[in-house]
Amino acid sequence: MTIAGAVLAVSAREPRGTLLGLLVVLLAAPLIATPWPGPLPILARVAAALLATRLIVVGLRGEGELVGDGSRIGWPAEALAAAAAAVAGFASHGLGAAGLGGPEAQAAGFALGALAAAPLVTGRDVLRLGVGSLLLLQAALLVRQALDAPATDGEQLVISLLTIGLGGAVAVIVAAARAAGRLAIADEDTRGDTPAPRRADAHRPTERDLGRRTRQATPSPAAPRASRR
Amino acid sequence: MTVVPFLVVAVTAGTASLLMRAHRRWSTTIALAGLLAMAATASAIGATAIVEIGGSRLAGSDWLRLFAILGSVIGLFLVLVDVTAVHEPDAPGVIVLGLAAAVLALALTDPGVAIAAATAGGLAGVLVAAPVGAAARAAFVGTRELRALAVAGALAILATAWLARPLGDLITAPAVFGFAYLAFAVAVAVRFGAIPFHLWAARVADAAPGVALPLLMAWGPAAFAAVALVWIDQSVAPLLLPLSTERALIATIGAMSVVLGLVAAWIQDDLEHVVGYTIVSDAGFVVLGLAVLDPDIWEPTRTWLLMFVVTRSALAAWVVALHGGFGTRRLPSLAGWARRAPALGIALIAIAAASVGWPGLALWETRSSIATLSLPVPVAVLVTVAPLLGLAIYGRILATGLEQPGAIVRDGRGERPGWPVPWPSRPMVGLGGTERAFERVAHAGSAALDVLWTLPAAARRNRQPIASVAVVVLAALATSVAAGGLGVPAAARAVPIVEPGPGQPQPSSSAAPGETGSPEPEVSFEPIEGPSGSSLP
């Protein structure tokens with residue numbers, strides 16, 4: 001279920017689908033533990049998951065429909081990659097020594113790590129990158145669940161705070177991007193205001209480019225000439 | 001007293017300050033009051049006070065107490081400088097919450113949980129790096145910061161998880177420990193923005209408010225590094241493995257950061273970039289400290305952590321004050337700044353002395369110890385003297401300040417104090433001695449009321465002198481810490497011994513860091529020597 005949520009989170013183009021996937025991951029991840037955490041820690045993790053997702057929803061709120069990049073390789077390929085990583089995680093449970101948690105947690109952790117890699121490395125929209133960051137940290141926590149002794153209540157509380165912080169950070173970034181009307185990252189060239197002009201690469205400038213350059217170089221007849229002193 | 005009151009005050013004040021962000025004055029006032037209360041509660045943290053909450057232990061120590069006190073006091077002055085200079089939104093609340101997370105990370109005895117807390121604290125910084133309502137470029141900067149935090153946090157969590165259990169036969173495979181050690185050290189380098197992981201830090205230095213830079217790039221990562229230092233000493237160092245390749249790699253990152261960070265700071269025109277790259281350079285010594293598996297590295301590295309965060313906070317405050325006074329951070333536009341703000345000039349000289357130091361000064365000796373323990377002799381000498389390049393950086397800024405003032409500086413606020421209204425004249429009209437005595441008393445009362453009513457306007461008019469005084473105080477604090485004052489080296493010597501995992505070697509309760517022995521996992525502290533040589537409790 002966690003892996004399915006993560007696949008949905010990284011491959012959906014609609015922010016709603018991404019958020020639903022993320023919510024499933026955050027809700028299901030603490031339950032892949034043997035034994036289960038007590039009711040209070042579970043309540044804290046559920047509250048943190050809901051709050052983190054809600055914060056991102058608030059960040060996304062505004063006029064106009066937003067569409068993210070989604071996965072470039074499609075959800076079936078993402079699902080296959082996640083499944084392969086899960087098998088590797090399950091088979092290598094303990095990473096060379098006996099793990100104190102269940103192998104399922106390590107399988108889920110490996111799968112989430114594999115799914116987080118592409119958004120983190122190649123993601124060009126802020127929501128996707130935020131989801132990648134969230135999944136990466138969740139993956140690390142799942143592997144910890146598989147290797148280490150069951151988390152104490154205090155640890156669950158700190159992880160809940162981390163989840164809320166992550167949701168808040170993604171929400172803030174998404175809201176900043178939303179202010180510019182799109183989820184795409186404004187990089188060095190665009191400076192956040194205008195889309196980057198596509199530079200000519202291997203091609204010669206077209207007739208239209210040359211014409212535009214000539215018009216820019218020639219002063220307009222209406223424009224007064226700068227006087228020299 | 002335990003660390004809990006400090007955390008409660010900090011979380012309450014930080015959250016309230018952020019919730020009141022629409023009312024900037026209230027938000028700042030709450031943060032200032034919170035920082036005052038945090039300084040008070042921090043001073044009451046007991047060196048051996050332990051509390052268990054939900055199965056996780058929170059332990060105090062002398063170093064933690066000093067970290068919390070210095071953080072609260074410096075945060076207070078930073079917010080004060082910010083209010084009088086540029087008054088950035090959200091920065092006060094983020095400073096309070098970030099400090100709370102850093103102290104929580106230092107107090108937690110389980111490094112795995114401490115890393116989660118330190119990462120959560122770093123996330124607060126995204127709020128000021130990509131403020132709500134800012135342009136899309138802010139989102140780009142925030143994304144970079146978030147990615148760096150996530151990668152560093154994940155690496156550190158994995159490293160601690162791998163070694164926190166019975167390892168069976170794996171304990172004979174040095175590669176496991178090497179990987180985990182390298183992962184954690186690289187995580188620290190990423191958090192500090194050490195070269196070559198500096199790109200996100202450079203963007204953050206560009207976008208984040210100057211007053212929040214020390215928290216984002218120094219205080220938060222310093223807590224992360226302190227956790228790493230404890231974990232390395234408990235989990236890796238006792239095995240006496242050579243790990244020469246990993247150590248060489250970490251030392252290379254550290255040495256590169258020290259030298260190239262200074263060069264990068266030297267060529268910057270934007271003063272916040274200068275702050276950012278000098279932090280990167282200083283952080284190189286922290287990374288160098290992680291490259292040593294000898295217990296002797298404890299004291300200098302933990303001393304250096306406090307020294308560098310204090311000196312860089314003073315420099316950041318200085319930049320914010322200058323920015324507030326003259327409306328720009330670009331050095332070419334600030335010609336003649338020192339002529340209009342001589343107190344800031346004096347503060348810069350003090351900060352330069354505290355940052356660069358000289359042989360014999362505690363700061364210099366600390367850096368020298370770290371370099372000598374982590375690097376071969378010729379490189380160690382080079383890295384030890386590299387901070388002298390800081391003289392060129394500060395000299396360039398000061399030389400610009402001594403030039404003829406440009407238009408921007410002439411139009412700036414300047415430091416000359418003034419009063420917003422002319423003093424009213426009250427001529428004496430009484431004839432007899434008694435009449436004149438009554439009249440004098442009445443005039444004194446009226447004058448006192450005049451002053452009281454005009455105080456808010458006077459504070460607004462004298463914003464620049466107030467900011468300069470705050471920066472001078474911070475510079476004095478930095479000089480004192482650089483000279484080894486406030487008991488920094490002694491506090492650094494008293495290192496808490498964390499709870500080892502089931503697979504880790506058990507340290508002795510009274511052993512110095514790095515030694516092993518006792519089978520019982522417990523939290524204990526090495527006694528430190530007071531000024532008279534007696535052991536403190």
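**Close-up views of the predicted model**

**View 1. Helix 1 of chain A is mostly covered.** In this predicted model, helix 1 (residues 2-11) of chain A has 9 of its 10 residues buried. A residue is buried if 20 or more other C-beta atoms, placed from the backbone, lie within 10 Å of its own; helices are DSSP runs (H or I, at least four residues), strands are DSSP runs (E, at least two), and both are numbered from the N terminus. The buried set comprises Thr2(A), Ile3(A), Gly5(A), Ala6(A), Val7(A), Leu8(A), Ala9(A), Val10(A) and Ser11(A). These residues pack against helix 2 (15-28), helix 4 (74-91), helix 5 (103-122) and helix 6 (126-147) of chain A.

**View 2. Chain A contains 8 helices and 0 strands.** Of its 229 residues, 50% count as buried. Contacts are pairs whose C-beta atoms, placed from the backbone, lie within 7 Å; among those in chain A between residues at least 6 apart in sequence, 73% join residues at least 24 apart.

**View 3. The largest nonpolar core has 272 residues.** Such a core is a set of buried Ala, Val, Leu, Ile, Met, Phe, Trp, Tyr and Cys residues joined through C-beta atoms within 7 Å. Among the members that touch the most others are Ala111(A), Phe184(B) and Trp318(B). Helix 6 (residues 136-163) of chain B gives the most to this core, with 19 residues.

**View 4. Surroundings of Ala317(B).** Not counting residues up to four places away in sequence, Ala317(B) touches Phe77(B), Leu78(B), Val81(B), Ala470(B), Val471(B) and Leu474(B).

**Conventions.** Residues are numbered from 1 along each chain as its sequence is written, and chains are lettered from A and ligands numbered from 1 in the order in which they are written. Local features need pLDDT of at least 70 and side-chain atom pairs count only at pLDDT 80 or more, whereas totals for chains, interfaces and linings use all residues.

Notes
A residue is buried if 20 or more other C-beta atoms lie within 10 Å of its own, exposed if 12 or fewer, and partly exposed in between; C-beta atoms are placed from the backbone. Two residues are in contact if their C-beta atoms, placed from the backbone, lie within 7 Å.
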